[in-house]
Each structure stands twice: as C-alpha cells, then as structure tokens.
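Have the sequence and the 3D view ready, and look things up as you read.

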Amino acid sequence: MNHILLTGSNGFIGRSILKGSQGRLIRRLVRGHESHDSNTFNIPRLDRYSDFSGAFENIDAVVHLAALAHSSTFSDDEIMEVNYHATINLAKQAAAAGVKSFIFISSIGVNCQYTLKPISEQSTTNPNNLYAKSKLLAENELLKLKSQIDIIIIRPPLVYGEGAPGNFASLVKLIKLLPILPICKENNFKSFISIHNLIDFIFFCLDSDNVKSEIYMISDDRDCSTKSFMKAIAKGLGVRRIFIPLSNYIFKFICRLTNKEKIYIQLCMDLQISIDKVKKQLKWIPNKNSMEQTMSKLKKEK
C-alpha cells in the first residue's frame, strides 16, 4: 500500500517512518496549523469529536502512532481521550471512508511489566498503568471493526535507536554521565526492538497480503541482559564504562529505600517475547545485526 495517513509524525517512530518511506505517499495528520501543503492534514484537536473529513482521500492505510504517555504532564482524562476515544473515532471514520487497513501501535505493557517465561499473543493481559490500560481498551474496541477494515495491532517492547525517548533516553543519559554504573549481578533476559526492525515490520504489514486483522508481538528476536544492553549503548556512544555488579537483593533494597521500585523491575526483571507467530505465520524475520548497527549511530547524538 503506497498511500498512507500517518499520525504522530513528529514523534520518534513517526520521523523514522517518514525518513524510510521509500517512495510511498505519506499524508501527515497533525494538530494545529503548522502546514497547508498537500501532504499534511491539519486538525484542531485529536479526540472523540474530531472530524477527519477529507483526510482519507486516496488513502489505502492508516498508521496510528499518536498517543499520550503516562506522565504528570497529562491528566487521566486527557490520556484516555487521545489514546482510546480518538483512536476509535479515527478508525471508524477511516472504515466509513473505505480505507483498507488500520495499523495501531500498541505496547507490550498491556501484557505485563515483567515475565517469568516468554509471552506470546495468547498470553493474558495485565496492564499496570493508565497508558497501558488505554492501549488495551483501544485494541479491544478496534478488533470489533475488523469486518469493516483490516485491524493490525503491533505490540513492541522497548524501542531503541538514535533519538529514542523514555527509558532508552534515560539509559543513554546515565551512561554518558557516569563512568561507574551499578548493575544487577544476576543476568536477566529482556526483549528489545530496534527502530529499524520496527519500521521494517510496519512496512511489511503495509505490503504483505498475508497480514490479517490480528495482534502481533515483535522484537529483535535476540534477548539479552540489561547489562549487555547497557554495554551495547556504551560501545555505540564510544565510551568506556565500569559496571559494578550488585546482588539483586541489594539492588532491590536500594530501589525500595529510594522509592524507585520501578527501576528495579526495568533493570533486573525478565521481559521476554516470543515472536514465533510473525516468523511462522508471516515469514517475517528481523535483522539479527540490528542492535550493533543501531547503537553505532548513537555517537551522532549530542
């Protein structure tokens, strides 16, 4: 599909889609009045009442990235309005306009914060914050529309790459600043996905006839420990860092003492994803060298 309506184009993933568009016609859906060119459709707001009339002309697919993260910047009502109500509104209007596909970028957070064994699309859901809950509610409501429009839901783990926000940006900043870093002694296993593998899968979904109205979990298919991941960041930045291994019990105690238990979960617990479904059903294979290639571009960051 070569004619795409893209939301969230100013974000990390959105900018990467635009950069790798490979001749596709991409119309950006943006709030405000930043542009009046033919490839931009302006709306005053993004909510359950938004009118997208005219945005879908000659459009084959919608790639919906726009969302509000769980942050003190936004109220609970604002997060639900954008992440849930606006998503359903957009999908319903796209279906009514005859758009063929709606790709929704969700989050592995709808399943859990950590795992005891690798999870798959069949695993139970247990969102632990409002952001994840809003994504799950949107998923469930979107799948009710699959008789009218193809609904493709992608649940990625942490997305990393040059300019990535959130937890990855925090790790990069920490590794830049501190020559000595504490880390959990016991190895854990985490699934990650490079921005390049994520974009490749999104374009794969746009181009393949085998992709159905379903939920898909993806990753680099190369799980590693947090320590290995941090070492890869340091190497990509071109800096040498000393990692001081601490017992998980000590690390957990320090995190509790400083009211940072989330950090313990993020750094020390497992979060593994099985991508057998996309490999076997869709025949999509991620680039196994993507971590080295992606981290090598971090030197460009200031």
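Which residue is the bridge partner of I4 in strand 4? The partner of I4 is A61. Before going on, a word on what you are looking at: this is a predicted model, where local features need pLDDT of at least 70 and side-chain atom pairs count only at pLDDT 80 or more, while totals for chains, interfaces and linings use all residues. Residues are numbered from 1 along each chain as its sequence is written, and side-chain values use heavy atoms, with hydrogens and water left out.

**The sheet**

The I4 and A61 pair belongs to strands 1 and 4. Strand 1 (residues 3-7) and strand 4 (residues 61-64) run parallel and are joined by four bridges. Helices and strands here are DSSP runs numbered from the N terminus (H or I, at least four residues, for helices; E, at least two, for strands). Two strands count as paired if DSSP finds at least two bridges between them.

Now zoom out to the open sheet: seven strands in the order 3-2-1-4-5-6-10, with parallel pairing. Strand 3 (40-43) and strand 10 stand at the edges with a single partner strand each, so one side of each has no neighbour in the sheet. On average, neighbouring strands of this sheet are turned by 20° against each other, direction ignored.

Helix 3 (residues 130-142) lies across strand 5 (101-105), strand 6 (150-155) and strand 10, and runs at about 160° to strand 5. For such angles, axes are lines fitted to C-alpha atoms (for helices over the stretch in contact), and the angles run from 0 to 180 degrees between N-to-C directions.

**Salt bridges**

How many salt bridges does a search of the whole structure find? It finds ten. A salt bridge here is a side-chain nitrogen of Lys or Arg within 4 Å of a carboxyl oxygen of Asp or Glu.

| Pair | Closest N to O | Relative accessibility |
|---|---|---|
| D207 and R24 | 2.4 Å | D207 44%, partly exposed; R24 9%, buried |
| R45 and D47 | 2.7 Å | R45 39%, partly exposed; D47 10%, buried |

**A look at S213**

S213 is found in the loop between helix 5 (195-207) and strand 10 (215-217). Is S213 buried or exposed? S213 counts as buried, because its relative accessibility is 16%. Leaving aside residues up to four places away in sequence, S213 touches L143, K146, I149, D150 and I151, where a contact means heavy atoms within 4.5 Å. The side chain of S213 also reaches the backbone nitrogen of I151 at 2.9 Å. As for T226, S213 is 13 residues from it in sequence and 33 Å in space, C-alpha to C-alpha.

Methods
Buried means under 20% relative accessible area, exposed over 50%, partly exposed in between (1.4 Å probe, protein chains only). A polar contact is a pair of N or O atoms within 3.5 Å; within protein, one must be able to donate a hydrogen and the other to accept it, and residues adjacent in sequence count only if both atoms are side-chain atoms.
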